[in-house]
Amino acid sequence: MLKRNHIAVWDIIESGERVKPGAQNVKNEIPNPVNEIVEMYPSVKQIIFNGQKAHDLYFKHFNKIEGIIYEVVLSTSPANTRFSFREKLINWKETII
């Protein structure tokens with residue numbers, strides 16, 4: 001489904017030190033070369049962050065790329081129990097262009 005719809009999935013962080021459970025507890029992170037990858041593929045028009053932490057990590061390590069739409073969606077983490085699966089699914093569907 002991802003390939004058919006031209007969607008790539010990529011982690012912002014290649015590696016890091018998890019001091020306790022949860023994405024917010026990763027320290028000394030090393031980012032993946034996200035901007036380099038995006039710049040290699042000029043057809044990329046949107047970057048969607050799986051939660052606010054992914055967004056924050058991206059902008060900690062990278063600058064905005066002109067012409068890219070940046071969106072934050074509800075995290076799919078099992079720790080994000082404030083929203084049901086259905087609410088998350090609707091949020092993702094509404095965000096993907």
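Asn 91 is found in helix α3, where helices (H or I, at least four residues) and strands (E, at least two) are DSSP runs numbered from the N terminus. The model is a predicted one, in which local features need pLDDT of at least 70 and side-chain atom pairs count only at pLDDT 80 or more, whereas totals for chains, interfaces and linings use all residues. Residues are numbered from 1 along each chain as its sequence is written, and side-chain values use heavy atoms, with hydrogens and water left out.

The side chain of Asn 91 reaches the backbone nitrogen of Leu 74 at 2.7 Å. A polar contact of this kind is a pair of N or O atoms within 3.5 Å; within protein, one must be able to donate a hydrogen and the other to accept it, and residues adjacent in sequence count only if both atoms are side-chain atoms. With neighbours within four places in sequence set aside, Asn 91 is in contact (heavy atoms within 4.5 Å) with Val 73 and Leu 74. Leu 74 is also a partner of Phe 83, which, under the same exclusion of neighbours, is in contact with Leu 74 and Lys 88. Phe 83 lies in the loop between β4 and α3 (85-95). Because its relative accessibility is 28%, Phe 83 counts as partly exposed; buried means under 20% relative accessible area, exposed over 50%, and partly exposed in between (1.4 Å probe, protein chains only).

Overall, the protein has 3 helices and 4 strands, arranged from the N terminus on as β-β-α-β-α-β-α. The C-alpha trace spans about 40 × 35 × 20 Å along its principal axes. Of the 97 residues, 28% count as buried. Among contacts with a separation of 6 or more, 39% are accounted for by residues 24 or more positions apart.

Helix α2 comprises residues 52-61, and Ala 54, Leu 57 and Tyr 58 are buried within this helix. Viewed down the axis of α2, the buried residues fall within an arc of 100 degrees, so they line one face of the helix; the arc is that of the directions from the helix axis to the C-beta atoms. The cover over these buried residues includes β1 (13-18), β2 (26-31), α1 (34-40), β3 (46-50) and β4 (69-73).

Tyr 58 has a relative accessibility of 0% and therefore counts as buried. Phe 83 and Tyr 58 are 25 residues apart in sequence and 23 Å apart in space, C-alpha to C-alpha. A search of the whole structure finds 7 aromatic pairs. One of them, Tyr 58 with Phe 62, is tilted, at 5.2 Å centre to centre and 35 degrees between the planes. Rings of Phe, Tyr and Trp (its six-membered ring) pair if their centres lie within 6.5 Å; planes under 30 degrees apart count as stacked, over 60 as edge-to-face and the rest as tilted. Phe 62 is likewise buried, with a relative accessible area of 14%. Phe 49, Tyr 58, Phe 59, Phe 62 and Tyr 70 form one aromatic cluster.

Phe 62 is also one of the contacts of Asn 32, which, neighbours within four places in sequence aside, include Trp 10, Asp 11, Ile 12, Ile 13 and Glu 14. Asn 32 lies in the loop between β2 and α1 and is buried, with a relative accessible area of 12%. The side chain of Asn 32 reaches the backbone oxygen of Asp 11 at 2.9 Å.
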